[in-house]
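Q: Can we go through this structure together? I'd like to start with the contacts and then move on to the packing.

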Amino acid sequence: MTTADDARLGIQEDSHLAMQGTIEALTTGDGSEPVVVNLGPQHPSTHGVFRLKVTLDGEIVQDAEMRIGYLHRSMEKLAEERTYTQNIPFTDRIDYLAAMSNNLAYCLAAEELLGIKVPPRAQAIRVMFAELQRVASHAMANGTFINDCGAWHTPLFYMFRDRERVLDMFEMTCGARLTTNYMRIGGVAFDLPDELLPTLESFLADMPDRIADYEALLMENEILHARARGVGVISPEMAINSSLSGPVLRATGVPWDLRKANPYCGYENYEFDVPVGEQGDCFDRFLVRMAEVKQSLKILRQVIDNLPDGPWLADVPLHARPEPGEAYARVESPRGELGFYLVSDGGPAPYRFHCRPPSLINLTALKEMSIGGTLADAIVTLGSIDIVVGEIDR
Amino acid sequence: MTDLAQLSNVLGAWYDFRDLNNLQRLITEWIAEWGPDWLASIVTGVLGALGILAVIGPTLLILIWVERKVISRFQQRYGPNRVGPKGLLQPVADAVKLILKEQLAPRAADKLIFFLPPVLIFVPGILIWGVLPFGPRMSVADLNVGVLFLLAVSGTAVLVIFMAGWSSNNKYALFGAMRAVAMSISYEVPMVLALLTLVVFSGTMSVNGIVEWQQQEDVIFILLFPLSAIAFFFAASAELNRTPADISEAESEIVAGYHTEYSGMRFGLFYAVELGNTLVVSGFIATFFLGGWWLWGLDQWVPSWIILLVKTGAVYFLLIWTRGTLPRLRIDQLMSFCWKALVPATLLFVVVAFVERTLLISEGWDTTVALPIMAVFNIALTLGAIMLFARVARPAPLRRPARIRMAGTEIGGLRAARQVASRTEEPQFQVGGD
């Protein structure tokens with residue numbers, strides 16, 4: 001052992017004291033010392049560049065600190081330099097797993113600012129793609145959640161099949177799979193291609209079997225129950241106080257869904273239920289997402305059956321200059337309440353462009369959920385919140 | 001010329017390939033003609049060890065391919081299919097890549113102890129093959145305490161793992177090593193107890209002796225002691241760090257566990273030994289519980305080592321299957337499962353084995369009648385124990401039904417939607433539902 005090591009460990013010259021010094025340096029009163037472990041910014045379980053700093057006593061989490069900002073791209077500032085239409089591609093990249101929902105929320109805010117009425121066909125197409133996006137995003141969320149529980153990618157790959165089919169539909173409609181850039185202020189960019197509806201029909205026909213498969217594999221899986229039930233619990237009161245939204249909030253039993261509470265795009269015309277959980281634990285979040293996929297399929301069926309004809313894009317000037325004022329529009333994105341706040345000073349670009357990201361606000365409850373559990377529980381909880389780091393940092 | 005004639009005689013003669021031991025006997029006889037006895041035993045020993053080494057290397061490469069391919073099929077993928085026919089050369093390409101990669105070591109690592117484990121981990125990984133019987137006389141060392149040797153050798157691997165985890169000076173590695181040590185120490189107990197059942201019942205500690213006992217009594221041990229077989233399977237998969245018990249290298253939690261800091265071929269060695277251990281443990285499960293090289297007389301017609309390999313492959317497939325399907329358990333759940341479920345259950349079966357053995361030996365029961373009765377009794381006991389565990393000993397939250405209800409027209413549901421739509425009232429939400 002070198003002298004530097006001696007100094008680091010507090011070893012004295014006297015050998016008898018040295019031994020005492022070593023022991024005292026390495027331990028605290030109860031014979032142990034907490035260990036700080038960094039999960040991230042590069043770590044298999046953090047779903048991107050997000051850093052969770054946990055203080056561990058053995059395997060028990062004593063403290064959890066979230067460090068964000070590794071993916072900050074200053075989109076809100078960049079958006080102030082571009083016209084309202086030019087800002088739509090930014091929203092794709094905010095939540096890259098639910099680009100359609102982000103497009104939609106931004107367009108709703110811009111339409112409110114400009115006072116534009118959207119044609120009924122565009123409304124229906126928007127609902128269709130928002131719900132398809134929910135199916136794709138929940139497939140990803142549940143798959144990665146099971147992965148965080150330690151399954152060796154198998155459920156993830158099964159769920160990826162469904163997501164692939166959804167992304168194929170996106171591609172045939174707008175040419176892009178992830179960053180779709182499909183919604184426009186006043187409607188959508190393109191009408192539905194001829195081959196979309198048959199593809200969607202076959203997708204809707206196949207999905208119930210697929211979901212039954214997943215339920216057979218996962219719902220009664222003892223190991224998944226052992227890992228996820230009673231883990232990462234948050235009370236309804238705490239969830240509301242933390243301003244949580246989406247499946248994380250509904251898993252606690254609070255029936256709050258913006259599609260019902262503040263309908264947009266004609267969601268009031270569709271019949272669907274809002275699934276809510278009971279315990280507010282990780283398993284309930286998983287179940288709520290599974291149930292929401294079924295409800296999304298139900299909505300999709302109704303959209304196809306009642307698809308109106310007509311224009312798909314309102315007559316909107318490309319470089320619109322809204323009157324000075326402000327607008328806030330919110331949608332129920334797969335992750336929760338996604339809002340866009342726009343302020344206009346009468347110019348062609350927004351004076352202020354602000355996003356209320358559900359991932360960031362849902363993530364704030366992670367500390368509350370993970371303290372007292374084990375390290376493995378914290379990972380599972382993080383997976384169940386379903387964060388997208390692009391949305392947290394923007 | 002006589003030598004050549006002798007050689008052609010040897011080649012021409014039908015040397016029975018059902019038993020590769022004949023090859024060894026040939027060499028022994030040839031050396032005995034001109035050399036001392038000790039030379040013959042040394043040469044055959046070295047040849048056996050070299051044979052094992054020569055078999056393990058290519059087998060590992062094929063195993064990597066098999067495992068990746070099977071897992072891919074479970075996951076609706078193709079798996080490796082680019083390098084070589086059907087992707088068969090992919091493991092070779094990977095090995096070449098790993099060898100060519102730079103060997104990194106953390107600056108703060110304890111260098112000597114850091115460099116040793118990838119080499120040392122091979123020692124138990126190879127030694128353990130020595131007592132695996134591929135046929136009636138086909139094991140490198142047919143020790144009369146083979147079971148003890150197996151347990152002792154496999155127990156030393158954990159020391160190497162701890163060396164790797166500790167010397168890396170990395171928190172993930174340390175966590176992985178700590179978990180590995182805790183797991184190994186715990187799961188060795190049910191493993192030993194499960195094997196003790198067989199040792200008590202068959203009255204031999206020789207691995208080949210246990211197979212021969214199964215051959216004599218015309219029964220395989222999984223029928224006689226199913227719970228021991230299940231416990232051994234689970235304990236072995238826990239010792240092998242495979243899902244659902246792969247906590248010591250849990251990817252989503254501690255990156256790669258004890259070998260996080262190893263790069264290049266050092267990592268490759270850990271990976272290879274892990275696969276080799278999986279194969280040899282599958283072989284031992286097949287040997288102890290499925291009759292090994294013996295299969296109701298089929299071993300008279302088919303080479304015994306092929307029978308063992310087929311059984312080993314079946315067990316190995318089962319291990320891949322569980323790995324591809326199940327999520328991972330938490331360390332406290334694994335520990336409590338070990339100490340609260342596996343240890344009592346295997347202990348119970350040790351007692352059962354004692355009683356049944358006593359009945360067979362002291363009371364002189366006829367084995368042809370007694371063994372089927374015992375098998376039925378033990379299978380019933382196993383089912384009873386599993387059901388008892390499922391009903392009583394499961395962790396409490398599992399017994400609570402999980403369900404999702406539909407909020408329907410509750411506040412925040414449709415009614416609130418109408419309220420907001422008509423702008424008469426602000427939406428309000430109720431806490432807790434119902």
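Q: In chain B, what share of the contacts between residues at least 6 apart in sequence join residues at least 24 apart?
A: The share is 73%. This comes from a predicted model.

Q: How many helices and strands does chain B have?
A: Chain B has 18 helices and one strand.

Q: And what percentage of chain B is buried?
A: Of its 434 residues, 41% are buried.

Q: Which residues touch the most other members of the largest nonpolar core?
A: Phe232(B), Ala235(B) and Ile285(B) do, in a core of 210 residues. Helix H9 of chain B, residues 171-202, gives the most to this core, with 17 residues.

Q: What does Ala235(B) touch, not counting residues up to four places away in sequence?
A: Ala235(B) touches Tyr187(B), Pro190(B), Met191(B), Ala194(B) and Leu342(B).

Q: Helix packing next. At what angle do the axes of H4(B) and H14(B) cross?
A: Roughly 135°, and the axes come within 6 Å. Here H4 of chain B covers residues 90-100 and H14 of chain B covers residues 264-289. The two helices are therefore oblique to each other.

Q: Which residues make that contact?
A: H4(B) contributes Ala95(B), Leu98(B) and Ile99(B), while H14(B) contributes Gly264(B), Met265(B), Phe267(B) and Gly268(B). In the contact of H4(B) with H14(B), five residues are nonpolar, two are polar and none is charged.

Q: What about H3(B) and H14(B), at what angle do they pack?
A: About 90°, with the axes of H3(B) and H14(B) 10 Å apart. That makes H3(B) roughly perpendicular to H14(B), because angles of 65 to 115 degrees count as such.

Q: Which residues are involved on each side?
A: On H3(B) they are Ile56(B), Thr59(B), Leu60(B), Leu63(B), Ile64(B) and Glu67(B). On H14(B) they are Ala272(B), Leu275(B), Gly276(B) and Leu279(B). The contact of H3(B) with H14(B) has seven nonpolar residues, two polar and one charged.

Q: Where is Gln76(B)?
A: Gln76(B) is in the loop between helix H3 (37-74) and H4 of chain B.

Q: Is Gln76(B) buried or exposed?
A: Gln76(B) is exposed, because it has 11 other C-beta atoms within 10 Å and the cut-off for exposed is 12 or fewer.

Q: On chain A, what is phi of Cys265(A)?
A: Cys265(A) has a positive phi of about 55°, and it is not a glycine. Cys265(A) lies in the loop between H12 and strand E6 (275-276) of chain A.

Q: Buried or exposed, Cys265(A)?
A: Cys265(A) counts as buried, because it has 22 C-beta neighbours inside 10 Å and 20 or more is enough.

Q: Where does Thr252(A) sit?
A: Thr252(A) is in the loop between helix H11 (247-250) and helix H12 (258-261) of chain A. Thr252(A) is buried, with 28 other C-beta atoms within 10 Å.

Q: What is Thr252(A) in contact with, leaving aside neighbours within four places in sequence?
A: Its contacts are Ile234(A), Ser235(A), Pro236(A), Ala239(A), Gly277(A) and Gly280(A).

Q: Last one: how many residues lie between E2(A) and E3(A) in their hairpin?
A: Two residues lie between them, and Gly58(A) in the turn has a positive phi of about 70°. Seven bridges join E2(A) and E3(A), which run antiparallel. Glu65(A) in E3(A) is the bridge partner of Lys53(A).

Conventions
Residues are numbered from 1 along each chain as its sequence is written. Chains are lettered from A and ligands numbered from 1 in the order in which they are written. This is a predicted model: local features need pLDDT of at least 70, side-chain atom pairs count only at pLDDT 80 or more; totals for chains, interfaces and linings use all residues. A nonpolar core is a set of buried Ala, Val, Leu, Ile, Met, Phe, Trp, Tyr and Cys residues joined through C-beta atoms within 7 Å. Helices (H or I, at least four residues) and strands (E, at least two) are DSSP runs, numbered from the N terminus. Two residues are in contact if their C-beta atoms, placed from the backbone, lie within 7 Å. Axes are lines fitted to C-alpha atoms, for helices over the stretch in contact, and angles run from 0 to 180 degrees between N-to-C directions. Angles under 35 degrees count as roughly parallel, over 145 as roughly antiparallel, 65 to 115 as roughly perpendicular and the rest as oblique. Ala, Val, Leu, Ile, Met, Phe, Trp, Tyr, Cys and Pro count as nonpolar, Asp, Glu, Lys and Arg as charged, and the others, Gly among them, as polar. Two strands pair if DSSP finds at least two bridges between them.
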